[in-house]
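Visitor: I have a protein model to look at, and I'm new to this. Can you walk me through it?
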Amino acid sequence: MINIRKVLLPSCVITKSFLNNYYKRLITYYTKTHEYIKIEDGNLNNRKDMTNVKCKIGISNYGTHKLGEIVYVDVAHNINDHVKKGDCIATIESVKSVGDVYTPVSGKIININNKIIDNVNLMNEQSEIDGWIMELETNQINEKEIMNISEYEKMCEEEEQNEEKKIQQNEINCMEEKNKNKIFDINDMKNIENKGQGGK
């Protein structure tokens, strides 16, 4: 099982002072589908009433880890476009699959991170730092629908445990199927032998 805490932390040289500054400057929320909403310190005053909040949207470190190496990203909107919660904002192609990224909040796009288009490895290596997809101005952050880091970490751990159980169950099912086939093969051999003896 992977170390969830290690995966969730920024993938760079980590020191105590870095972590203190990192979490003081930012408030990050997460969704069940592994998007993040990152609010920088300059917007924390607005956070009290959640009006005109500027936030960056992207895929969490855990989300990119589960996707595998990302090789291509296509951003679906332009600056000044308005998006609604649940709209597709980007399509991501990884070595494992192709999938869409959905915005967890509604708002106006005020910035798009062109760096990830030129260098998609930013999403693989620094998804929650330099690998964000777009920045929105929003009035609709509902803290009841999103998770803080502790809640998200717990959800990821449960997700890992469930996947581990599925793998174990699949292995058990395969073993049972193999055992059934062995019994079937033995019975077939006995029938063939009996027929052969009866024909003599």
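Visitor: Which residue takes a positive phi in the hairpin of E1 and E2?
Guide: His-34, with a phi near 75°. Four residues lie between the two strands of that hairpin. This is a predicted model, where local features need pLDDT of at least 70, side-chain atom pairs count only at pLDDT 80 or more, and totals for chains, interfaces and linings use all residues. Residues are numbered from 1 along each chain as its sequence is written, and side-chain values use heavy atoms, without hydrogens and water.

Visitor: What counts as a strand or a helix here?
Guide: Both are DSSP runs, numbered from the N terminus: helices (H or I) have at least four residues, strands (E) at least two. The protein chain has six helices and nine strands.

Visitor: Back to E1 and E2. How many bridges pair them?
Guide: Five, in the antiparallel sense. Strands pair if DSSP finds at least two bridges between them. Strand E1 covers residues 26-30. Leu-26 has Glu-40 in E2 as its bridge partner.

Visitor: Is E2 mostly covered or mostly open?
Guide: Mostly covered. Strand E2 (residues 35-40) has five of its six residues buried. Buried means under 20% relative accessible area, exposed over 50%, and partly exposed in between, with a 1.4 Å probe and protein chains only.

Visitor: What about E2 and E3, how many bridges there?
Guide: Five again: E2 and E3 pair over five bridges, in the antiparallel sense. Lys-38 has Lys-56 in E3 as its bridge partner.

Visitor: Lys-56, buried or exposed?
Guide: Buried. Lys-56 counts as buried because its relative accessibility is 17%. Lys-56 sits in strand E3, residues 53-59.

Visitor: Which residues does Lys-56 touch?
Guide: Leave out residues up to four places away in sequence. Then Lys-56 touches Tyr-36, Ile-37, Lys-38, Glu-40, Trp-132, Met-134 and Glu-135. Contact means heavy atoms within 4.5 Å.

Visitor: New topic. What is the strand order in the open sheet of three strands?
Guide: The order is E4-E6-E7, with antiparallel pairing. Strand E4 (70-75) and strand E7 (98-102) stand at the edges with a single partner strand each, so one side of each has no neighbour in the sheet. From one strand to the next, the twist averages 25°. Axes for such angles are lines fitted to C-alpha atoms, for helices over the stretch in contact, and angles run from 0 to 180 degrees between N-to-C directions.

Visitor: And what holds strands together in general?
Guide: Strands of a sheet pair through backbone hydrogen bonds, either parallel or antiparallel. Here, five bridges join E4 to E6.

Visitor: What stands opposite Ser-94 in E6?
Guide: Ile-70. Ser-94 belongs to strand E6, residues 88-94.

Visitor: Why does Ser-94 count as buried?
Guide: Because its relative accessibility is 7%. Beyond its neighbours within four places in sequence, Ser-94 is in contact with Leu-67, Gly-68, Glu-69, Ile-70 and Val-71. A polar atom of the Ser-94 side chain also lies 3.1 Å from the backbone nitrogen of Lys-96.

Visitor: Last one. Which residues carry the "coiled-coil region" annotation?
Guide: Residues 142-180, according to an unreviewed UniProt entry. UniProt positions follow the numbering used here, feature names are shortened, and annotations may be inferred rather than shown by experiment. In the model, that span is 82% helix and 0% strand. Its end C-alpha atoms lie 53 Å apart.

Definitions and conventions:
Polar contact = N/O pair within 3.5 Å; in protein donor to acceptor, adjacent residues only side chain to side chain.
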